[in-house]
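This report looks at one helix of a protein chain and then at the chain as a whole. The sequence and structure come first.

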Amino acid sequence: MNELSQIRIDIWLWAARFFKTRGLAADAVNGGKVHVNGQRCKPGKDIKIGDLVTVTKDQYTWEVRVTDLNKQRRPAPEAAGLYHEDAASAAKRHQQIELRKQQQALQHPSEREHKPNKKQRRQIHRFKQDSL
């Protein structure tokens, strides 16, 4: 795509569509959710083609090898061309997704997380006002 030799990790994560904004990508890197070649890094870390990047997001982990560099966020099919995920990483993530779906299916509907309805929100507001 581009003739770049290296690029900042937060820009690459945003361009590869792992995170919706560059700020979220930088926060994930600062939080230790991203490792480059097995090492924790900072958002300004330069990566190059061939580096191994491990991204942990929402209990799922991607282990990808950088195949291309791009500073611009492109459509998802083009962004997927920026990296190559090994089969073991993909299989592990898909297994985690299936396990989570099965666990949620076993839960009773009343135990699942849900947003409070209007009546419940009013009760919450009244409770909070009374406790002050």
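In this predicted model, helix H2 spans residues 22-30, and its buried residues are Ala 25, Ala 26, Ala 28 and Val 29. These four lie on the same side of H2, because the arc they cover around the axis is only 160°. An α-helix has 3.6 residues a turn, so residues that are three or four places apart point the same way.

What do the buried residues of H2 pack against? Their partners are helix H1 (9-15) and strand E2 (34-36). Just after H2 comes Gly 32, whose phi is positive, at about 85°.

The chain as a whole has five helices and seven strands. Read from the N terminus, the order of these elements is β-α-α-β-β-β-β-β-α-β-α-α.

Some overall values of the chain are set out below.

| Property of the chain | Value |
|---|---|
| Radius of gyration | 20 Å |
| Box filled by the C-alpha atoms, along the principal axes | roughly 60 × 35 × 30 Å |
| Distance between the mean positions of positive and negative charges | 8 Å |

For a compact globule of 132 residues, the radius of gyration would be near 14 Å, against the 20 Å of this chain. Of the 132 residues, 28% count as buried. The chain carries 26 positive and 15 negative charges. Of the contacts between residues at least 6 apart in sequence, 48% join residues at least 24 apart.

How values were computed
Residues are numbered from 1 along each chain as its sequence is written. This is a predicted model: local features need pLDDT of at least 70, side-chain atom pairs count only at pLDDT 80 or more; totals for chains, interfaces and linings use all residues. Side-chain values use heavy atoms; hydrogens and water are left out. Helices (H or I, at least four residues) and strands (E, at least two) are DSSP runs, numbered from the N terminus. The radius of gyration is taken over C-alpha atoms; the globule rule is 2.2 Å times the number of residues to the power 0.38. Buried means under 20% relative accessible area, exposed over 50%, partly exposed in between (1.4 Å probe, protein chains only). Contact means heavy atoms within 4.5 Å. Lys and Arg count as positive and Asp and Glu as negative; His and the chain ends are not counted. The place of a charge is taken as NZ of Lys, CZ of Arg, CG of Asp or CD of Glu. The arc is that of the directions from the helix axis to the C-beta atoms.
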